[in-house]
Every structure is written in structure tokens, then in C-alpha cells.
Amino acid sequence: MTNKFDSNAHGKWGLSFEYDLKVALGIAPKIAKVGRTDIRKGGVCYEAKSGSGELGVAGEKLVKGSRKVIYCPVVDESLPVERQEAFVLDRVVFLEMLDELGLIRNKVSSDGIEMITIQTFWNHSKNAPHSKKKYEALIDALYANCEMELADFLAQW
């Protein structure tokens, strides 16, 4: 996985994941604006998410515009996108799973907007989870609730 984005940019690995995913799918690797669909196929809209990114504005529909989520909890920069541990989930199932795990939080953005985000669970400087127990619960829940893993999704594309 190559990181084409500023090393200090917020969400740089998520942007890189979305970009490389689009390249792997053979579609234009343009990064979608916030609130816009990342990937569309056969009338189904997919949102590419990774790590502890934003889910939406408080009080609005979360992950709006998409029925499915392609989620990579930890982007491994040493691996190509095809080998990332990522999952395709129904949007509602994804949000319920995060809520049940206590991984949804409210955060006020720098411009004063209340956002709903995925709780940070990975320490990038140590390349390890903040809480091994919580991280393992997340991975177990992803495997239990996913419709398919990313490799299968790419093979079916």
C-alpha cells in the first residue's frame, strides 16, 4: 500500500486505502468529498472506511449515501490493498456493531460541528492497539458480521 498523501494529513491512511481500493477495482481513483458515495456498483453505494474515521454529523444519518461499508480497521502500509484485513458490511450492521462494542463517540470538530466518530483503538506510533481486548473484540465482531472479506469482494468485482 502506498501512501500518496501528506504524512501529517488527518486520515492519511484512510485516504490512501480509498485511493488504492479504487485502483484495485479499476475505477477512477478520485477521492470522494465528505458525504459523497465512494464506490457505486449495480445500484449499491459503498463507503470506504478505515481506522477511527468520522461517521457523520450528530443528529444526521451516519455514513449517509451508502448501503454498504468497506471497513479496514488498521491499514497496514506494507501490504497492497488486496491483502488488507478489510470487510464488507451492511451499513446498519456496521453501525450497530460499533455501538455494541462501545466504539462510537461524539467529538466536536475544529470548526465547532458535533461529529460522530469511531473511537480511536490503534496506537500508530507503537503499531499496537490501545486495548488488546477491545481490538480483538472488534476483529471478532467484524468476522462474525461481515458479508464478505475484501479479497472476495475484489474477486467478484
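**Reading a helix, its rings and a pocket**

Tutor: Start with a helix. The model is predicted. On helix 2, the face turned away from the buried side carries the exposed residues Asp99 and Glu100.

Student: Which residues of helix 2 are buried?

Tutor: They are Arg91, Phe94, Leu95, Met97 and Leu98. Now look down the helix axis. The buried residues of helix 2 fall within an arc of 160°, so they line one face of the helix.

Student: Val93 also lies in helix 2. How does Val93 count at 28% relative accessibility?

Tutor: Use the cut-offs. Buried means under 20% and exposed means over 50%. Val93, at 28%, falls in between, so Val93 counts as partly exposed.

Student: How far apart are Val93 and Asp111, in sequence and in space?

Tutor: In sequence, 18 residues separate Val93 and Asp111. In space they are 30 Å apart, C-alpha to C-alpha.

Student: Next, the rings. How do I describe an aromatic pair?

Tutor: Give the distance of the ring centres and the angle of the planes. The count here comes to 6 aromatic pairs. One of them joins Tyr71 and Phe94, with 5.0 Å centre to centre and 55° between the planes. That pair is tilted.

Student: Where in the chain do Tyr71 and Phe94 sit?

Tutor: Tyr71 is in strand 4 (residues 68–72) and Phe94 is in helix 2 (residues 91–100). They are 23 residues apart, so this pair links distant parts of the chain. Both Tyr71 and Phe94 are buried.

Student: What kind of pair do Phe153 and Trp157 form?

Tutor: A tilted one, with 5.6 Å between centres and 55° between planes. Compare their burial. Phe153 has a relative accessible area of 4%, so Phe153 is buried. Trp157 is at 29%, so Trp157 counts as partly exposed.

Student: How does the lining of the second largest pocket divide into nonpolar, polar and charged residues?

Tutor: The lining has 8 nonpolar, 3 polar and 4 charged residues.

Notes. Residues are numbered from 1 along each chain as its sequence is written. This is a predicted model: local features need pLDDT of at least 70, side-chain atom pairs count only at pLDDT 80 or more; totals for chains, interfaces and linings use all residues. Side-chain values use heavy atoms; hydrogens and water are left out. Rings of Phe, Tyr and Trp (its six-membered ring) pair if their centres lie within 6.5 Å; planes under 30 degrees apart count as stacked, over 60 as edge-to-face and the rest as tilted. Helices (H or I, at least four residues) and strands (E, at least two) are DSSP runs, numbered from the N terminus. Buried means under 20% relative accessible area, exposed over 50%, partly exposed in between (1.4 Å probe, protein chains only). Ala, Val, Leu, Ile, Met, Phe, Trp, Tyr, Cys and Pro count as nonpolar, Asp, Glu, Lys and Arg as charged, and the others, Gly among them, as polar. The arc is that of the directions from the helix axis to the C-beta atoms.
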